[in-house]
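The tour goes from one selection to the next and says what to look for at each stop.

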Amino acid sequence: MKKRLPPLNWIRAFEASARHLSFTHAANELNLTQAAVSQQVKGLESQLGCLLFRRLPRGLELTDAGAAYLPAVHDSVERLTVATEEIFGHGRTNLLTIKVNMVFFIKWLAPRLKNFRKQHPGTNLRLTSNIWVNEVERENSLDSDLEIRYGKGHWQGMTSDRLTWDELFPVCSPDYLAKYPIDEDTFDLSEHMLLHVMGYEEGWGHWLSQANYKDIKTSQGFYMDTLVSALELAVLGEGIALGRTSLVRDLIDSGKLVTPFKTKIPTDEAFYLVYPNSHVKHQDVEAFRTWLLSEVQPAREADRE
């Protein structure tokens, strides 16, 4: 049977006393009386069934058991102190937590964050990925100040600001197109490797149907859980991915990807900035939201061009 974990105040009293080798100095650090620290250490020793200190006329000396116990206790106290300060300590109101779609972060948000930093140097960001959030968790997700999601903008109990107005179109590398030429009028899917992304309603089936390739089956190809992966494989010449304007513009401008089809389909799905209706928005939330929406219009105009 496992021993019950001792009370944290006993652990702190032991750790401080061991560092100072003095109950008096430990008491000063912990804002307790010397007697209180001594009693807490005795309580810890009683629960562990072992002496941790030798009480000397002038100070303390660790027993073998105390010396063996101290490193683990000290490390745990230090880690707890750091975590508490990072999450709840001074400046916590300036720590903004944003859960963000991975491909949007890499291809759209990350290159622009330097602008936010310049305008709001005192605001610290904690950025986490929402790649593994399932739909049930998503509906009830309150573990971030803001979230950037992909969808149609309707989530129960949530307010959403649209960030992108994309067109959907196939992209591949110049080398792939040279090796497997594409003629829109005689396009034969069986000759090509499709790069699918799970979780998108508007995938290959949607694009092919809208582009009047309705009799083509789309089951072949690779399936991935992020568009980042599909675009990377496309850049490497492994197949054809479906690009979204806001996410592939830099890859097309740099020549890493090309567009083998002229047909582009407007998307109903988009990236949205999302937050609960009941969320109490602090100053930094409003600052980030205002900044992000100010970045959207120039990016939208660039995508149109």
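The stops below cover strands, rings and charged side chains.

This is a predicted model, in which local features need pLDDT of at least 70 and side-chain atom pairs count only at pLDDT 80 or more, while totals for chains, interfaces and linings use all residues. Residues are numbered from 1 along each chain as its sequence is written, and side-chain values use heavy atoms, with hydrogens and water left out.

**Stop 1: strand β12**

Select residues 270-276, which form strand β12. Helices (H or I, at least four residues) and strands (E, at least two) are DSSP runs, numbered from the N terminus. Is β12 enclosed by the rest of the structure or open? It is largely enclosed, because 7 of its 7 residues are buried. Buried means under 20% relative accessible area, exposed means over 50%, and partly exposed is in between (1.4 Å probe, protein chains only).

Now show the side chains. In a regular strand they alternate between the two faces of the sheet. Here Ala270, Tyr272, Val274 and Pro276 point one way, and Phe271, Leu273 and Tyr275 point the other way.

Two strands pair if DSSP finds at least two bridges between them. β5 pairs with β12 in the antiparallel sense over 5 bridges, and Arg149 stands opposite Tyr272. β6 and β12 are also antiparallel, over 5 bridges, with Ser160 opposite Val274.

**Stop 2: rings**

Stay with Arg149: its charged end sits over the ring of Trp155, 5.3 Å from the ring centre. A charge sits over a ring if NZ of Lys or CZ of Arg is within 6 Å of the ring centre and within 35 degrees of the ring normal. Select Arg112 next; it lies over the face of Trp108, at 3.9 Å from the ring centre.

Trp108 also belongs to a cluster linked by ring pairs, together with Phe104, Tyr150, Tyr200 and Phe271. Rings of Phe, Tyr and Trp (its six-membered ring) pair if their centres lie within 6.5 Å; planes under 30 degrees apart count as stacked, over 60 as edge-to-face and the rest as tilted. How many aromatic pairs does the structure hold? There are 14.

**Stop 3: the open sheet**

Select the open sheet of 5 strands, which has the order β9-β8-β10-β7-β11 and mixed pairing. Its edge strands, β9 (222-224) and β11 (265-266), each pair on one side only. Inside the sheet, β7 (residues 167-171) and β10 (residues 240-244) run antiparallel and are joined by 4 bridges. Val171 stands opposite Ala241 in β10.

**Stop 4: salt bridges**

The structure holds 9 salt bridges. A salt bridge is a side-chain nitrogen of Lys or Arg within 4 Å of a carboxyl oxygen of Asp or Glu.

Select Asp75 and Arg79, whose side chains meet at 3.9 Å, N to O. They are 4 residues apart in helix α4 (residues 64-88), about one helical turn. Asp75 is partly exposed at 39%, whereas Arg79 is exposed at 60%.

In helix α1 (residues 8-20), Arg19 and Glu15 are likewise 4 residues apart. Their closest N and O atoms are 2.6 Å apart. Glu15 is buried at 3%, and Arg19 is partly exposed at 38%.

Finish with Lys152 and Glu201, a salt bridge of 3.2 Å, N to O. Lys152 lies in the loop between β5 and β6 and Glu201 in the loop between β8 and α9, so the pair ties together parts that are 49 residues apart in sequence.
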